[in-house]
Amino acid sequence: MISEPPAPPADKLAILVWAADPSRPELCATPFYFAAAAAAMDVEVEMYFTARSVELLRRGVAEALQAAAGSAKSVADFRREAVGFGARLFACPTALASHGVGEAELIPGLTGHAGAAAFIGRTLDPAWRTLSF
């Protein structure tokens, strides 16, 4: 019997950010923290923002949110770290429209727009692993 060689380990991570709601700032830094950690390990990282989480891509929102009570770091600081390590950020066009976030309001570090089909494509690709926040 001939056995298949083991699949190479995945070195790509797609993160779905949907429950990191700015009204709950304590939930908002963690997706960026995980993205930065993975990217620092030379993992290709894409973050897909949907639902109220797209607000974190609106200029000024993440800057006004503290990662934790008494923290000197804002959620925007964690976002900058993730992008600095190479994480790419994608906003769901439907969520942007639903929450009234216009193009001119988006942060400069946004990679582009991608929705459900793009994220589902990543979940079906064996080279990618996924996380949800």
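1. In helix H1, the residues Pro-31, Phe-32, Ala-35, Ala-36, Ala-38 and Ala-39 are buried, where buried means under 20% relative accessible area, exposed means over 50%, and partly exposed lies in between (1.4 Å probe, protein chains only). Seen down the axis of H1, these buried residues fall within an arc of 165°, so they line one face of the helix; the arc is that of the directions from the helix axis to the C-beta atoms. Helices (H or I, at least four residues) and strands (E, at least two) are DSSP runs, numbered from the N terminus.

2. A word on the basis of these remarks: this is a predicted model, in which local features need pLDDT of at least 70 and side-chain atom pairs count only at pLDDT 80 or more, while totals for chains, interfaces and linings use all residues. Residues are numbered from 1 along each chain as its sequence is written, and side-chain values use heavy atoms, with hydrogens and water left out.

3. What do the buried residues of H1 pack against? They pack against E1, E2, H2 and E3, and contact here means heavy atoms within 4.5 Å. After H1 comes Asp-42, whose phi is positive, near 65°.

4. Just after H2, Gly-86 takes a positive phi of about 115°. Lys-73 lies over the face of Phe-78, at 4.1 Å from the ring centre; a charge sits over a ring if NZ of Lys or CZ of Arg is within 6 Å of the ring centre and within 35 degrees of the ring normal.

5. Turning to the sheet, five strands form an open arrangement in the order E4-E3-E2-E1-E5, and the pairing is parallel. The edge strands are strand E4 (112-113) and strand E5 (128-132), each of which pairs on one side only. Two strands are taken to pair if DSSP finds at least two bridges between them, and, as background, strands of a sheet pair through backbone hydrogen bonds, either parallel or antiparallel.

6. Strand E1 (residues 12-17) and E2 pair in the parallel sense over six bridges. Across this pairing, Ile-15 stands opposite Met-47 in E2, and Lys-12 stands opposite Glu-44 in E2. E2 is mostly covered, since five of its six residues are buried.

7. Leaving aside neighbours within four places in sequence, the contacts of Glu-46 include Leu-13, Arg-88, Phe-90 and Trp-128.

8. The model holds five aromatic pairs, under the rule that rings of Phe, Tyr and Trp (its six-membered ring) pair if their centres lie within 6.5 Å, with planes under 30 degrees apart counted as stacked, over 60 as edge-to-face and the rest as tilted. One of them, formed by Tyr-48 and Phe-119, is edge-to-face, at 5.6 Å centre to centre and 65° between the planes. This pair links distant parts of the chain, with Tyr-48 in strand E2 (residues 44-49) and Phe-119 in helix H4 (residues 116-124), 71 residues apart. Tyr-48 is buried at a relative accessible area of 5%, and Phe-119 counts as buried at 10%. Ring pairs link Tyr-48, Phe-90 and Phe-119 into a cluster.

9. Finally, Ser-53 lies in the loop between E2 and H2 and is buried, with a relative accessible area of 0%. The side chain of Ser-53 reaches the backbone oxygen of Trp-18 at 3.3 Å.

Note on methods: Polar contact = N/O pair within 3.5 Å; in protein donor to acceptor, adjacent residues only side chain to side chain.
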